[in-house]
Structures are given as C-alpha cells and as structure tokens.
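Student: Could you take me through one part of this model closely? I would like to look at the place where the two chains meet, and at what lies on each side.

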Amino acid sequence: MGKVMIIDLSICNGCHNCQVACKDEHVANDWSPIAKPQPDTGQFWTKVINLELGTVPKVQVTYHHSICQHCEDAPCLEACPQKAIYRRTDGVVIIDPGRCRGNQLCLEACPYENVIYFNDDLNIAQKCTFCAHLLDQGWSETRCSDACPTGAFTFGDEDDPKIKEKIAVSELLKPELPTRPRVYYLNLPKKWIAGAVYDKEADECTEGATVTATNAATGEKVTTTTDNYGDFWLKNLSDGAYTILIEKPGYLTQKLGPIDATSKDQNLGDIVVWKA
Amino acid sequence: MKRPPNAAGETTIVRDISWCGVFNGANASMVDVKDGKIIRIRPARYYERYTKEEVKPWVMHARGKTFEPSDKSLVPPLSLAYKKRVFSPARIRYPMKRIDWDPKGERNPQNRGTSKYVRISWDEALDLIAAEMLRIKKTYGPTAILNQSDQHGENKVVHGPHGCMRKLLTQFGGYTLQIRDADSWEGWWWGSKHVWGCEPVGQQVPQSNLLYDISKNTELLLFWGCDQETTVWGWQGQLTSRLSYWWTELGIKQIYIAPDCNYATAVHADKWIPILPNTDAALYLAICHEWFENGTYDKEYLETHAYGVDKFEDYVMGREDGVAKSPEWAGPITGVPSRIIKALAAEWASKRTTICIGNGGPGIRGPYATEPARLQSICLGMQGLGKPGCNQAKMIEWGLLDNMEQMSPPAPAILTDLHAAYTGSTPMLTNHPSFIPKTLVPKAILQGNCDWYGNESEFTSRENQFVHYKYPADGCSKIHMIWTDSPSWITCWNNGNDFIRAMRHPDIEFILCQHPWIENDALFADIVLPINTILEEDDIGSDIFSGQMNLLFPEDRCIEPLGESVSDYEAVCRIAERLGLLEQYTGGRTIPELIKIGYETSRVAHLISWDELREKGYFVVPTDPDWESIPAGLVKFYEDPEKYPLSTPTGKLEFYSTGLAEHFADDPERGPVPKWIPIGPSHEETLGTERAKTYPLLVMSNHPRWGVHSQHDDVTWLREIETCKVRASDGYQYHPLWINPADAEARGIDNGDVVSVFNDRGTVLAGAYVTERIMPGAVGIDHGAKYDPVVPGEIDRGGAINTIVPRNTTSKNACGHAVSGFLVEVEKADLEDLNAKYPEAFARTCHVAAGPCIAGVTEGGA
C-alpha cells in the first residue's frame, strides 16, 4: 500500500500554503527518527516555483512544484555509503537523521532539482518525508496537501481507485529517468504562442481569423481562431520552431516566423492585417 | 469539559487567525499545542466533531455542475505562518521608554524615530502614563488627547486590539477621536453613494446570493482592479480562488482590468487588459461613448431607473466641453488601444456582465477616486443593473456589518455575533466630543487647524458628507498627546512623511503606544507597552467571513504571554486602575465572564450548550435551508424601481447627482456629473502634466499579497518567497518594486538592484523586480512594508511607499485618502553613497531573515 502524491498545476493558485505548512511542521519541531528540524529559512522540502510566462499583455503564471519524488529506484538511496537512506513499506524514502554523516553524496545523486538540502548546523542531509511521522499517527494527508485550498495536491494510496484514475492521466517530471517516482503531475506546462490581430486601417480587432502554427521540423499543425479582441493562443505546443499563418477572407494572408517555442512561450504582440 | 490531548499528547484549539479587525472573525484554524509549545497551525476541519448530515452544507447547482464548501477552512499562508509573527524578533516583551524623553525635563520630540528605547518596569510606565494624562487634562482639557483606535491589527474579541482606551477616556473626561476614513472603499463611499445610495459603504448592496447569481446567469465577469487571490486573504480565506476556477469550468469568461497581471489575473484570466494606474475613469467614459453612439445600452431601463442621463450624455459626447470621450480620446490616456476599448464595449453590451470588486485595487484608491467609482456604477446602470447576472459583486467582506444583505455567498441560518463581549471600540459609534478624519491628522497637527466635510464615522450615510466640521472643535483643545494601538498610520495612510513630521512636532508632548511589535508608528512613541498576540490569550471567536461554513468557538490560549506582555484590554485596565477607574471601566466583569457573555449572546447558544461547545471545541452554524430563494443583488430594484427605490434623493440611479448639485454644484473635483480629472486644485498626478516631466512613472500600490496592510512583514517564511522581498547585494531584504523590462532598461536597472523611488514628498528604497507582470509606464509596489527610517520623514529603507503618496485627500470635499496612482521617478540607488551619508541608519541591527527588529532600537536589550 504505497503512498503517492499527485500535483495538478492547472489549479495551483500560487498561495504557497504547501511550502509554508511544511515549514510550520518541520522548522523547530524535532520528528526524530523521521526528521530533525529544518532550518528556519533557505530549505524548501516542498517548493513552489514561480514561472512568469509571456510578455505584456499576454502573461500567465504557472506555479511549478519541486518535492522529493520518493523514487522506487532512488539514486540517493544507492549513493549513501552510510546506508542512512531507506524506503519504508509505504514507499516513503527517508534520510535517517541518526545515521547521516553529512557526506552529501545523496545531493549529487538526486537527478531532480530542489529536493535534498544540506543542514550545515546539524551536518545532515534533509528532505521531504511525506510527513511520515504524521502518517504513523494516523493522518491521511501530508501537511502540504492538508493546507492546499484548491485540491491541487492529492495524497493517498496507490491502490485507491480514485488515485489510480488520476495516475492514469498524469505525467512524470523526468519520464526518461528509470527512477519510478511516487510523485505524479497533472498539466505540466506546455509552450504557447499568442498574439493579437488587428486591422489598422479600420482601427478594429480582427475576429475570426484562422491562425495556424506549423512545426518546422515535424510538420505538426496547430490551429485556432482569433476572438473578439483579435487574440489567439496556440496552446500545448511541442518544443520547436513554428511558422505562423494568419488567414481571413477579404484580408491578405500574413506569414510569420519561424518562432522558436523551445525555450519560452512567445507573445507575437500586435499583428496588423491588411484588406485584400 | 475541555477535550483531552490526542495520542501524540497534542491538544487542538480552534482560533480565529484573521485580521479584519473587529469582533467578527475568519480564517478558523486548528492550533495543535503540546507542553506549552505551538506544534502546528492548520486549516480547521469542519467534520472532525460533526457529521455532514448535521451540518448540511450548501450546494450550488449551476449549468449542470455543482459546487460546495470544502471540508476544511481555506486559510491563507498568513494564518499558517503565524507562529513566526508571535515569535518575531520585533516582539515587544517589556514596557519601554524613549531614552531622551523626560516629562520633567526635555522631551526631545525632534528625536522621535531616531532615539532609542530602554526597558522600564510596568510600575514606572503606569506612573508616567497616569501623571501625563492628568497633567494634560488639567492643562488643556481632555480633548488634547488624540485617540487613535482604528488601525490595522489582529482580530480579537474580549481583548479588543482596537480602541480599548476609548471607553476609559470617556470615563476620564473626553478625547479627540481620529476617525478612520472609508479607506479601500473611498471611491464608492465618497462617489458611488451619490449615484446609487447603497448605504453605508457605497458598494452595491444587497450583495445577497450574488455568487449563485453569477454561477447561474453571468456570461462575462470583469475583475476591475480586483485581486481575489490576494486582498481577501486576511479577511476570509481562499473560497474566491476555488470559485474563480469553478466559474472558468462553467464557461464564464473572466477579463481582468488593471495595470498589473495580479495574482488572480496570473491564474484565472481569459484576458488581461493593462490600464495605466488611475486612468479608469477615462476608460469607463469611452465605453459609455461607444454605447451612446451605437445605441447599445438599455434605454428603456434608464427611462424608469435613472435620473439625469441627458446631462451625463452631454458630457460624454462632448456637448458640454467640446471633447468627445471617445475610444480614440481615451486610448492615449489609459494606455488601452482604442480598438480594444471598442471591442470591450461591444462585448459588455452583448453579454450579461457582472463587475467583481475586491476593495481598493488600482482602480479606485487614487486621486479623485470618486470619479471611476461613480462611472463604474453608471456603466452597470446602462446595461440594466440588477438584472440576473448583472451586478457589482464583492469578493470580500461577506457578512460585513452584521448584515445579511452583505452576504454574497449562500447565507447561514444565523449570523453569529460577539459584540457584547467586545472590549474595543466600534467604528459605528458617533457623537464624539471632538474628532478629526484620519487623513487630516497631519494637517491638523502641523497647521494647528483644519476643516472638512463629513466623515463623522466610516459608516455614516451620504447626508453626512454635506456637514461641515472643524478642528479644534468649539470649546475643545488642540492635540498634545497621542494614544495609539495597533499603530500602522505611516505605512497605510496618506503621506506618511507628513504624519512623521506631525509626531515630531513640539506640540505633541506625549505619545503612548501599545502594540506587540516595534514597527511603524511605534518607533515614534515615548512609551511603548508590550501587548501579546491572539495565540497568548483566552478569548471567544467566530468565523463568519469565509463564505463556507460559519463557526463559533471558545479560544483557549495556546501559549503563555511572552515576557511581560498583556492584552490591549488588560493594558488599559492597568492604566484605569492607576486613574482609580478600574471598577467603572470593567463594570466588574472578569475575562472568563466576558467570554461566557460572548457565548450567551452569540445567537446560537440555543443550539449548543456551553459544556458541549467546550467539549467539541467549535460549533458549525447550519446553512439557511431557504438560501436559494433569497433575491439576488439588486433584482428587486431591477424589477420594480418604484416599489424598491434606491436610497438616493430621487430613488433612482443618479447619473447627475442631485445631492452634489445642491451642495457642491461648482466643485471642479467632484461635480454632479462624474468626469475624467487629469489635474485639479488637490492633485497633479497624471501623465501629461508638468510634474510628470520630472516624475514620469505612475505608481500602482495594491493591498499586499504577503501580509494584511502593515502586518506580517517580519514573517521569515513569507519574506523568502520571491515576490515578497528582494535580497540585495548588501544582504538587506528590500520591498519589491515591479517594473517592466522596458522601463528598467531605460534606467539601467537590473533585477535585484536597489532602487530609489522618489518624488517631491520623499524617497523610498526598494528592490527592483523586473517583470512582464506590470505594463510599461507603471510601477507596482504593495503598501504595508515596515517603515525603516534612513532620515525620518524623508528617506525610508523598508519600502513603506505610503510615506510618499499624495498628502491631499481624494478631493477638496471628500476626505478619503489617495494612495495609489501617483507620480514618481525610479533610479538605481547608490548604496555606497547612502551608507557613507547615513552610517547609523544602515548599521542599525536588522534580523537577517525577519528585517527590522527590536535589537535595532533598544539600548541594553529589551
């Protein structure tokens, strides 16, 4: 009966309750043998990452989350010569604060970002415990999932049918790794290309124009239509460079690009179309 | 019987951890305590002691989907992190006296804000306080004491953090009361009341069932300067967040109009329309112009529901002043392209539209705020205000004023009430011997006199705005002493630098302050009394603002009071005792008796016994079984304006305000018809003016995301969040200033640089947060940062932007404050130069993670 966490980025409002509740639980509270106290600042056993996407006025924020993935094949566990890292029967991976000698090999071994921290004062490595001390008291939630107001965090047993349903449609953070994490994500950010089409001569937003993005490498096409503000958002794009075609009967077709949506989302700004 | 500890030895105590300030609370939290230590603070679980069948939560059905309250309270991080506020390095644990204030010799008022404090005993403090009070009363009369009891503080009941001194001062002989202006409501209060009445706030009332109405009927939501992911946190929690996601799921389009991509825009917006700060009046006018020109408004409705439309139309169409308020006219003023204005006007006219407001916001708190607020009401009127799906809906203050008509969410069967146990002062009380609107206190002290209209209370009605008052009132004294609690003037009201000068004025012989933390105005007091926090006191609390389930709960203290701190009520009791007034002040009632009185008069005592309440720890108030049938918003006025008129003189929507026409017909700043006022006798704070050549950026100052007004600014777990503080090269955590990359680049500013934000009223240092979340031409800085003086009254390091906001009020005859939408310039600060010039200020001890702290202002530790 392994524990799993599912994080839905599409309903994370960025309130940071998870990050703060984790600190409330672990700073200045000693949960040995599960965990020693976390330093007051600087460590984030569950961390909210603020991704500001786009440019004025096409701006969105996605809040990403870093947390220990509690891997079935945990590189940190293998890397520790002290055998201070162990996996419980419920799958939770724990760094035993009593055995850790501070050699920090686990920090190097972990392939994920913002997961294992080093506590200089205690000379130990520390990370998320899925609040195992609370699970052992009968809690059904971790502090972060308990504190989440929107339901972006779901914590539970992997055998629970409701959890299974969610896992079936979820993604992994680094699917290419053989680590078999116990943390799943819904709605990981995908790139978008957006813009606003208008008729300068008429001083009018151009509604109903067809906008097509074509991936230069794969030929994959994504199409949308401009709304009453002339706005278009081409969402869920794969990485790559795109050519953009803007078409509307009675107007000259506009071609833009290639636009590279590999490293960041792209706002093409205001695009003028001319009557044919 | 109290519930015994759980298997882990922890006792759970339900507490109201909110900051709306008076006796009705929110953010019910469960505090787990063990061996005198706070282990954790977590959301309250409604069903730990009750079943869902007992509670019967409401369920909203709309468009084939359902929505119901969560099983837990939706508290913000501000509540979860409150341990850090309790144990802040800024806590005041002992009485303190300013080292060079000697009531028998030199008082050194000019050193307030720079000279340090020494610890004294409670006895010495009380001796000094009683002697000063008696001397001042004898010399000048009791009205020489300014009673500041309206500021931003914690939520308590029996220990009232606001104005416990008011009752004592009444018994002592009198006082001059500082009256809170209708801050965060000012535009609606001083403006919209003249269009639609809606007493006493000026925002739409009734609000009843508007969340349900939106869910069922609205097609378009305009969040106008509204951030329901921020402003509501301290008041009620996060139901608005869940609702906003649900509305998206229902297919209700959400457009956000503000200079910034605020925290709600960031995650909920279908479209963000950036607008230059405080230019909203021009946008509303251009929308009206489109509607008049194209006939796309509800003419029939206006014939029966409105008054003076023709005069308004004359102004809009340019027949009055020769300037048509067209989209092409508004484009350059607002920064919103004319084509977008036209598209917005067309969409609004074609869809059932509700405007969502969340108090304050960049659309309403600026100079001449009456104008955008009135125009907002008028725009709603032109599209059939009150029609299902067409209202002004509040995202905040649900259940305000003990009034079910303020309840936008599904109504509870009973609104609990704890006012009988409340020992603080309530703003509703009027008939003071002498008073000054809060916004005019600096002027009153610095100038020695002033006069104004209205504002006898923030809850008086429209007619009070026509009554003239003056300071000093006839037969009353000028101010010579200030007694303040929960002080936050400097960082929350108009031109804090003027207030600093007032506090250092030689007329002010004695400043007494009671507060848990050494911060803001407390830095200028002569005697500071140590007050404890909500978690250190026995009390009784409620949660009535969450919109979810309402709760009542007895509140046991979680820990013993820190140091020699006592509650505000207990501190005033001690002073009362010195003055021989203790019995009279308390009425012989003990704290446990007051708590019991709170329960007995809570309106739910017949539903649960005291013993059962103690045993369970909380009571969940059931939902009104008939909540769905409560008429939504202004639907009755919509259907029958004759039978259900508004409270305006004509009973109609006054596009031409008859009250203003009668009393202030020639007022160029708030005339009978609302206008775009780029410049006037009170303010010159828009682009295109002469001042804008020197100060070319417009400041948008929102209510803070990571605190409630002045509160929470020392919480280390919040300060390390990237939008909360910016740690600069000197290690100091500066308050962030949002600046667009284009404006930053033009000034050679990089992300993380320390910048000077300045105008002719002073300088504030901030940390540059270079971001696309703010439009070019505007800069954003939340108000409420802790004031950290470099030169008191001139330069601040803490980021208290209110030190340089306009000194004048909303307009000449409307004494609200104007705290957003004003001009500054921003440049990269030269830290080396500042350090060399002001070595003492920059060397002041500052906590590495919590910021300014008590060690920085005390001698010999306190």
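Tutor: A term comes first: the bounds of a domain are taken from an automatic or database domain assignment. The model itself is predicted. In chain A, that assignment gives domain 1, residues 3–186, and domain 2, residues 191–273. The C-alpha centres of domain 1 of chain A and domain 2 of chain A are 39 Å apart.

Now the place where the chains meet. Chain A puts 35 residues into the contact, and chain B puts in 43 residues, where a contact between two residues requires their C-beta atoms, placed from the backbone, to lie within 7 Å. On the side of chain A that touches chain B, two or more residues come from each of these elements of chain A: helix H1 (17–26), strand E2 (46–55), strand E3 (58–67), helix H5 (143–147) and strand E11 (204–205). H1(A) supplies the largest share of that side, six residues. Sorted by class, the side of chain A that touches chain B holds 13 nonpolar, 13 polar and nine charged residues.

Turn next to the partner, chain B, and its own fold. Chain B has an open sheet of three strands in the order E1-E2-E3, with antiparallel pairing. Strand E1 (11–16) and strand E3 (37–43) of chain B are the edge strands, each pairing on one side only. From one strand to the next, the twist averages 30 degrees. Strand E2 of chain B, residues 28–34, is joined to E3(B) by six bridges in the antiparallel sense. For Lys34(B), the bridge partner in E3(B) is Lys37(B).

Terms used: Residues are numbered from 1 along each chain as its sequence is written. Chains are lettered from A and ligands numbered from 1 in the order in which they are written. This is a predicted model: local features need pLDDT of at least 70, side-chain atom pairs count only at pLDDT 80 or more; totals for chains, interfaces and linings use all residues. Helices (H or I, at least four residues) and strands (E, at least two) are DSSP runs, numbered from the N terminus. Ala, Val, Leu, Ile, Met, Phe, Trp, Tyr, Cys and Pro count as nonpolar, Asp, Glu, Lys and Arg as charged, and the others, Gly among them, as polar. Two strands pair if DSSP finds at least two bridges between them. Axes are lines fitted to C-alpha atoms, for helices over the stretch in contact, and angles run from 0 to 180 degrees between N-to-C directions.
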